[in-house]
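Please consult the sequence and the structure as displayed here.

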Amino acid sequence: MSENSYTVPAGKLQDYVGRLFERSGMSREDAVYSAYAMVQTNLWGIDSHGVLRAPIYVERLNSGAVNAAPNMKKVRGGLALEVLDGDDGLGYVVGKAAIERAIELAEQFSIGAVGVVRSNHFGAAALYAQMATQRGMVGIAMTNVKPNIVAPGGSKPIAGNNPIAIGIPTFAEFPFMLDISLSNVAGGKLLLASKKGEKIPLDWATDKNGRPTADPDEAFAGFLLPVGGHKGLGLSYVVDILSGLITGGVFQDGIKSMYKQKEDPSLTCHFMIVINPLILLSREEMQERMAEYYQTIKSSPMWDESREMMMPGEIEYRTEQLRRENGIPIPAALYHDLTALGKELNVPFSIEV
């Protein structure tokens with residue numbers, strides 16, 4: 001424990017968050033999975049999408065903005081392409097159902113795609129891509145969000161930072177896993193900087209007038225900047241079109257913010273694609289070729305010899321090993337928020353440092 005953070009065991013944290021969700025009306029199964037998904041994200045070191053979000057999820061579950069017991073169903077599509085209505089459920093629950101169905105379709109057709117309408121924030125997209133890699137398949141998961149990035153020089157948000165994750169099985173210690181949002185940073189990084197009392201780089205976000213700012217609170221009230229300028233902006237359009245437009249869901253300003261419109265379902269849309277590479281290569285061939293690809297990356301020279309090249313997903317794998325052994329660091333302000341939430345919901349406190 002330091003002055004600004006506490007370190008807690010992953011298992012204790014997962015159990016505690018799961019009971020918060022269950023007390024908020026979710027089934028035991030859905031609560032356990034949602035808590036697992038959040039803590040797994042912390043284990044990867046993606047703290048902006050971990051238990052930091054638990055208070056707002058719980059608030060929205062208890063207000064009815066998020067449906068604690070969604071009745072999800074197929075509403076359109078056929079063969080290898082379907083659309084699922086998430087019934088305003090928590091994004092983790094809806095996202096899990098969608099990727100599981102896409103995996104089933106890929107098992108039947110070698111490729112499967114499932115769009116989702118009427119969902120909510122689903123955390124880190126890598127969670128769903130990883131579910132496909134665990135079955136020996138390629139997983140692509142994406143989601144739209146309320147417009148929160150401005151075009152370079154713009155003063156009004158034109159698109160969301162619309163995350164996308166691509167996971168490819170390696171049949172080794174960890175999969176290839178690229179998980180990015182299409183802003184320079186995810187909005188959760190602003191929340192985390194605010195909780196830690198830190199300033200942010202000027203290329204992360206703008207204030208509400210579109211001017212770059214180093215204040216995370218001003219930035220959270222303002223807009224994010226796209227990664228790679230017009231390139232990231234264009235890709236964010238693509239994710240929005242695939243997730244919300246072709247599925248018959250909402251897109252652009254039809255999406256609602258879970259922070260600024262707390263009482264309303266977000267209507268978020270997702271799109272999952274699963275590809276079965278083992279229809280093209282044997283498992284052994286795939287493993288051998290991915291190992292060769294990995295070694296080519298690792299052998300690439302660095303001008304700073306104390307550093308090394310890493311494949312997407314490797315940093316998260318290493319971070320997980322360390323955090324499973326040493327615990328997950330939680331900012332003091334968030335730690336106190338979680339303990340207060342437990343008292344409010346009459347959930348015995350169990351995340352001792």
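The buried residues of α2 are covered by elements that include α1 (10-23), α3 (54-63), α4 (91-109), α5 (126-133), α10 and β11 (328-331). Here helices (H or I, at least four residues) and strands (E, at least two) are DSSP runs numbered from the N terminus, and residues are numbered from 1 along each chain as its sequence is written. The model is predicted, so local features need pLDDT of at least 70 and side-chain atom pairs count only at pLDDT 80 or more, while totals for chains, interfaces and linings use all residues; side-chain values use heavy atoms, with hydrogens and water left out.

Of the 16 residues of α2, 12 are buried, so the helix is largely enclosed by the rest of the structure. Buried means under 20% relative accessible area, exposed over 50%, and partly exposed in between (1.4 Å probe, protein chains only). Among the buried residues are Asp30, Tyr33, Gln40 and Leu43. From its first C-alpha to its last, α2 reaches 22 Å, close to the 22 Å expected at 1.5 Å a residue, the expected span being 1.5 Å times one less than the number of residues. Gly45, with a positive phi near 90°, follows the helix.

Two packed helices are described by the angle between their axes and the distance between the axes. Axes are lines fitted to C-alpha atoms, for helices over the stretch in contact, and angles run from 0 to 180 degrees between N-to-C directions. Helix α2 (residues 28-43) packs against helix α10 (residues 314-326) at about 105°, with the axes 8 Å apart. This makes α2 roughly perpendicular to α10, a term for angles of 65 to 115 degrees. Gln40, Asn42 and Leu43 of α2 make the contact (heavy atoms within 4.5 Å) with Glu316, Thr319, Glu320, Arg323 and Arg324 of α10. These residues divide into 1 nonpolar, 3 polar and 4 charged; Ala, Val, Leu, Ile, Met, Phe, Trp, Tyr, Cys and Pro count as nonpolar, Asp, Glu, Lys and Arg as charged, and the others, Gly among them, as polar.

The axes of α2 and α5 come within 11 Å and cross at roughly 100°, which makes α2 roughly perpendicular to α5. Tyr33, Tyr36, Ala37, Gln40 and Thr41 in α2 meet Leu127, Tyr128, Gln130 and Met131 in α5. This contact has 6 nonpolar, 3 polar and no charged residues.

Tyr33 and Tyr36 are 3 residues apart in α2, separated by about one helical turn. Tyr33 is buried, with a relative accessible area of 13%, whereas Tyr36 is partly exposed at 26%.

Notes: Angles under 35 degrees count as roughly parallel, over 145 as roughly antiparallel, 65 to 115 as roughly perpendicular and the rest as oblique.
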